[in-house]
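Dear colleague,

My notes on what was found follow below.

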Amino acid sequence: MSIQLPKVYPITDTTISGLSHSEQVKRLIAGGAALIQLRDKQASSRAFYSDAQAAIQIARAAGVKLIINDRVDIALALRADGVHLGQSDMPVEAARRILGEQAVIGFSTHNLEQIRRALSLPISYLAFGPIFPTASKLNPDPVAGLNQLKRVREMSLPTPVVAIGGINISNALDVLNAGASSVAVISAVLANPSRIAANLQQIMTSTE
Ligand code: 3NM
(Lines give C-alpha, C1' and ligand atoms only; values in the text may rest on other atoms or scores of the structure.)
Protein backbone atom coordinates (compact mmCIF):
# COMPACT_ATOMS: atom_id res chain seq x y z
CA MET A 1 0.00 0.00 0.00
CA SER A 2 2.98 2.28 0.68
CA ILE A 3 4.59 3.63 -2.47
CA GLN A 4 7.92 4.89 -3.67
CA LEU A 5 7.67 8.60 -4.44
CA PRO A 6 9.75 10.72 -6.79
CA LYS A 7 11.74 13.38 -4.92
CA VAL A 8 9.68 16.19 -6.45
CA TYR A 9 5.88 16.02 -6.60
CA PRO A 10 4.26 18.91 -8.50
CA ILE A 11 0.63 19.92 -7.90
CA THR A 12 -1.44 21.83 -10.47
CA ASP A 13 -3.28 25.09 -9.78
CA THR A 14 -5.24 26.86 -12.51
CA THR A 15 -5.36 30.17 -10.60
CA ILE A 16 -1.61 30.42 -10.03
CA SER A 17 -0.61 29.22 -13.52
CA GLY A 18 -3.54 30.62 -15.52
CA LEU A 19 -3.51 27.34 -17.46
CA SER A 20 -5.81 24.32 -17.70
CA HIS A 21 -4.82 21.22 -15.72
CA SER A 22 -4.08 19.36 -18.95
CA GLU A 23 -1.76 22.10 -20.20
CA GLN A 24 0.04 22.18 -16.84
CA VAL A 25 0.41 18.40 -16.97
CA LYS A 26 1.94 18.65 -20.46
CA ARG A 27 4.50 21.20 -19.25
CA LEU A 28 5.24 19.32 -16.01
CA ILE A 29 5.87 16.13 -17.97
CA ALA A 30 8.21 18.07 -20.26
CA GLY A 31 10.08 19.08 -17.09
CA GLY A 32 10.45 15.48 -15.96
CA ALA A 33 7.51 14.91 -13.56
CA ALA A 34 6.79 11.26 -12.72
CA LEU A 35 3.84 11.88 -10.38
CA ILE A 36 1.43 14.83 -10.56
CA GLN A 37 -1.52 15.86 -8.41
CA LEU A 38 -4.47 17.76 -9.89
CA ARG A 39 -5.83 20.19 -7.31
CA ASP A 40 -8.83 22.45 -7.93
CA LYS A 41 -10.86 24.09 -5.18
CA GLN A 42 -12.96 26.24 -7.54
CA ALA A 43 -13.99 24.56 -10.77
CA SER A 44 -17.41 23.00 -11.19
CA SER A 45 -17.47 19.20 -11.09
CA ARG A 46 -18.17 19.12 -14.81
CA ALA A 47 -15.30 21.44 -15.72
CA PHE A 48 -12.83 19.68 -13.44
CA TYR A 49 -13.91 16.27 -14.74
CA SER A 50 -13.35 17.14 -18.37
CA ASP A 51 -10.02 18.90 -17.79
CA ALA A 52 -8.83 16.00 -15.61
CA GLN A 53 -9.91 13.54 -18.29
CA ALA A 54 -7.70 15.31 -20.85
CA ALA A 55 -4.85 15.49 -18.31
CA ILE A 56 -5.07 11.77 -17.57
CA GLN A 57 -4.86 10.87 -21.25
CA ILE A 58 -1.68 12.93 -21.57
CA ALA A 59 -0.19 11.48 -18.38
CA ARG A 60 -1.01 7.90 -19.33
CA ALA A 61 0.58 8.24 -22.75
CA ALA A 62 3.75 9.43 -20.99
CA GLY A 63 3.70 6.76 -18.24
CA VAL A 64 3.18 9.43 -15.57
CA LYS A 65 0.98 8.83 -12.50
CA LEU A 66 -1.91 11.20 -11.73
CA ILE A 67 -3.49 11.76 -8.34
CA ILE A 68 -6.72 13.74 -7.87
CA ASN A 69 -7.04 16.05 -4.87
CA ASP A 70 -10.15 15.53 -2.77
CA ARG A 71 -12.50 14.14 -5.47
CA VAL A 72 -12.75 10.39 -4.96
CA ASP A 73 -15.68 10.27 -7.40
CA ILE A 74 -13.67 11.87 -10.20
CA ALA A 75 -10.64 9.68 -9.46
CA LEU A 76 -12.84 6.58 -9.69
CA ALA A 77 -14.66 7.68 -12.83
CA LEU A 78 -11.40 8.49 -14.64
CA ARG A 79 -9.44 5.55 -13.20
CA ALA A 80 -6.80 7.91 -11.88
CA ASP A 81 -3.88 6.41 -9.98
CA GLY A 82 -5.26 7.70 -6.70
CA VAL A 83 -6.49 10.54 -4.53
CA HIS A 84 -5.05 12.98 -2.07
CA LEU A 85 -7.30 13.66 0.93
CA GLY A 86 -7.25 16.39 3.54
CA GLN A 87 -8.35 16.34 7.17
CA SER A 88 -11.90 17.44 6.22
CA ASP A 89 -12.34 15.28 3.11
CA MET A 90 -13.98 11.87 2.90
CA PRO A 91 -12.46 9.45 5.46
CA VAL A 92 -9.45 7.55 4.14
CA GLU A 93 -11.01 4.14 4.94
CA ALA A 94 -14.07 5.01 2.83
CA ALA A 95 -11.90 6.17 -0.07
CA ARG A 96 -9.89 2.93 0.18
CA ARG A 97 -13.11 0.89 0.02
CA ILE A 98 -14.22 2.79 -3.06
CA LEU A 99 -10.92 2.87 -4.94
CA GLY A 100 -9.46 -0.50 -3.95
CA GLU A 101 -6.15 -1.83 -2.70
CA GLN A 102 -4.10 -0.70 -5.69
CA ALA A 103 -5.02 2.99 -5.46
CA VAL A 104 -2.52 5.52 -4.18
CA ILE A 105 -4.09 7.39 -1.25
CA GLY A 106 -2.26 10.37 0.18
CA PHE A 107 -3.37 12.13 3.35
CA SER A 108 -2.56 15.66 4.57
CA THR A 109 -1.37 16.25 8.13
CA HIS A 110 -0.29 19.48 9.78
CA ASN A 111 1.05 18.48 13.19
CA LEU A 112 2.49 15.48 15.02
CA GLU A 113 -0.83 14.57 16.64
CA GLN A 114 -2.52 14.30 13.25
CA ILE A 115 0.35 12.07 12.09
CA ARG A 116 -0.07 9.80 15.12
CA ARG A 117 -3.78 9.49 14.37
CA ALA A 118 -3.05 8.76 10.70
CA LEU A 119 -0.79 5.81 11.52
CA SER A 120 -3.65 3.32 11.62
CA LEU A 121 -5.17 4.48 8.33
CA PRO A 122 -4.81 2.64 4.99
CA ILE A 123 -2.72 5.35 3.32
CA SER A 124 0.07 5.15 0.75
CA TYR A 125 1.87 8.33 1.80
CA LEU A 126 1.50 11.17 4.30
CA ALA A 127 1.83 14.84 3.49
CA PHE A 128 3.10 17.18 6.20
CA GLY A 129 3.00 20.97 6.12
CA PRO A 130 3.17 23.81 5.74
CA ILE A 131 6.92 23.57 6.23
CA PHE A 132 7.36 27.26 5.31
CA PRO A 133 4.87 30.13 4.80
CA THR A 134 2.69 29.65 1.73
CA ALA A 135 0.26 31.80 -0.21
CA SER A 136 -1.07 28.91 -2.30
CA LYS A 137 -3.50 27.57 0.30
CA LEU A 138 -6.44 29.31 1.92
CA ASN A 139 -6.13 29.39 5.73
CA PRO A 140 -2.98 27.29 6.06
CA ASP A 141 -2.11 25.72 9.42
CA PRO A 142 0.80 27.18 11.44
CA VAL A 143 4.21 26.78 9.82
CA ALA A 144 5.88 23.56 10.99
CA GLY A 145 9.46 24.36 9.96
CA LEU A 146 12.33 21.95 9.42
CA ASN A 147 12.53 21.15 13.14
CA GLN A 148 9.05 19.61 13.17
CA LEU A 149 9.94 17.69 10.02
CA LYS A 150 12.99 16.27 11.80
CA ARG A 151 10.71 15.13 14.61
CA VAL A 152 8.52 13.40 12.02
CA ARG A 153 11.61 11.56 10.75
CA GLU A 154 12.29 10.38 14.33
CA MET A 155 8.87 8.70 14.32
CA SER A 156 10.20 6.24 11.66
CA LEU A 157 6.87 6.09 9.87
CA PRO A 158 5.94 3.10 7.72
CA THR A 159 4.84 5.37 4.85
CA PRO A 160 6.80 7.98 2.91
CA VAL A 161 6.38 11.63 3.97
CA VAL A 162 5.79 14.38 1.41
CA ALA A 163 6.70 17.82 2.71
CA ILE A 164 4.62 20.74 1.44
CA GLY A 165 4.35 24.51 1.79
CA GLY A 166 6.75 27.20 0.61
CA ILE A 167 9.21 24.77 -0.94
CA ASN A 168 11.37 26.10 -3.78
CA ILE A 169 14.73 25.65 -5.45
CA SER A 170 16.58 27.27 -2.52
CA ASN A 171 15.23 25.00 0.20
CA ALA A 172 14.12 21.72 -1.46
CA LEU A 173 17.36 19.89 -0.66
CA ASP A 174 17.25 21.06 3.00
CA VAL A 175 13.71 19.71 3.27
CA LEU A 176 14.73 16.32 1.89
CA ASN A 177 17.76 16.27 4.18
CA ALA A 178 15.48 16.99 7.17
CA GLY A 179 13.65 13.73 6.50
CA ALA A 180 11.06 14.14 3.75
CA SER A 181 10.93 11.45 1.05
CA SER A 182 9.56 13.96 -1.41
CA VAL A 183 8.76 17.67 -1.74
CA ALA A 184 5.42 18.88 -3.12
CA VAL A 185 5.55 22.17 -5.00
CA ILE A 186 2.99 24.57 -6.43
CA SER A 187 3.99 28.22 -6.83
CA ALA A 188 7.74 27.62 -7.22
CA VAL A 189 6.96 25.71 -10.41
CA LEU A 190 3.74 27.33 -11.68
CA ALA A 191 3.96 31.04 -10.91
CA ASN A 192 5.75 31.74 -14.17
CA PRO A 193 3.76 29.66 -16.67
CA SER A 194 6.29 30.00 -19.48
CA ARG A 195 8.94 28.41 -17.24
CA ILE A 196 7.01 25.47 -15.77
CA ALA A 197 9.15 22.77 -17.38
CA ALA A 198 12.40 24.64 -16.74
CA ASN A 199 11.58 25.42 -13.11
CA LEU A 200 10.56 21.85 -12.35
CA GLN A 201 13.71 20.54 -13.99
CA GLN A 202 15.84 22.96 -11.93
CA ILE A 203 14.23 21.93 -8.64
CA MET A 204 14.66 18.26 -9.55
CA THR A 205 18.33 18.84 -10.35
CA SER A 206 18.81 20.72 -7.06
CA THR A 207 17.71 17.59 -5.16
CA GLU A 208 20.14 15.18 -6.83
N1 3NM B 1 -1.19 22.15 1.40
P2 3NM B 1 3.32 26.23 -2.40
S3 3NM B 1 0.49 23.92 2.02
C4 3NM B 1 -1.81 22.64 -0.94
O5 3NM B 1 0.14 22.51 4.66
C6 3NM B 1 -1.04 22.91 0.29
O7 3NM B 1 -0.95 20.84 3.83
C8 3NM B 1 -0.44 22.58 2.42
O9 3NM B 1 1.90 25.54 -2.20
C10 3NM B 1 -0.42 21.94 3.75
O11 3NM B 1 4.25 25.16 -2.89
C12 3NM B 1 -0.13 23.93 0.45
O13 3NM B 1 3.05 27.26 -3.47
C14 3NM B 1 0.28 24.92 -0.58
O15 3NM B 1 3.70 26.85 -1.10
C16 3NM B 1 1.63 24.63 -1.18
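Which residues does N69 touch, not counting residues up to four places away in sequence? Please keep in mind that this is a predicted model. With that same exclusion, N69 touches Q37, L38, R39, K41 and H84. N69 is found in strand 3, which covers residues 65–69, and with a relative accessible area of 7% N69 is buried, because the cut-off for that word is under 20%.

As for L149, its contacts, leaving out residues up to four places away in sequence, are F128, I131, V161, A163, V175, A178 and A180.

Helix 3 (residues 45–61) also packs with helix 2 (residues 21–30), at an angle of about 25° and with their axes 7 Å apart. Because angles under 35 degrees count as roughly parallel, helix 2 and helix 3 are described as roughly parallel to each other. Their crossing is right-handed. On the side of helix 2, the residues in this contact are H21, S22, V25, K26 and I29, and they meet F48, D51, A54, A55, I58 and A59 in helix 3. By class, the contact of helix 2 with helix 3 has 7 nonpolar, 2 polar and 2 charged residues.

Definitions and conventions: Residues are numbered from 1 along each chain as its sequence is written. This is a predicted model: local features need pLDDT of at least 70, side-chain atom pairs count only at pLDDT 80 or more; totals for chains, interfaces and linings use all residues. Side-chain values use heavy atoms; hydrogens and water are left out. Axes are lines fitted to C-alpha atoms, for helices over the stretch in contact, and angles run from 0 to 180 degrees between N-to-C directions. Helices (H or I, at least four residues) and strands (E, at least two) are DSSP runs, numbered from the N terminus. Angles under 35 degrees count as roughly parallel, over 145 as roughly antiparallel, 65 to 115 as roughly perpendicular and the rest as oblique. A crossing is left-handed if the near helix is turned anticlockwise from the far one by less than a right angle, and right-handed if clockwise. Contact means heavy atoms within 4.5 Å. Ala, Val, Leu, Ile, Met, Phe, Trp, Tyr, Cys and Pro count as nonpolar, Asp, Glu, Lys and Arg as charged, and the others, Gly among them, as polar. Buried means under 20% relative accessible area, exposed over 50%, partly exposed in between (1.4 Å probe, protein chains only).
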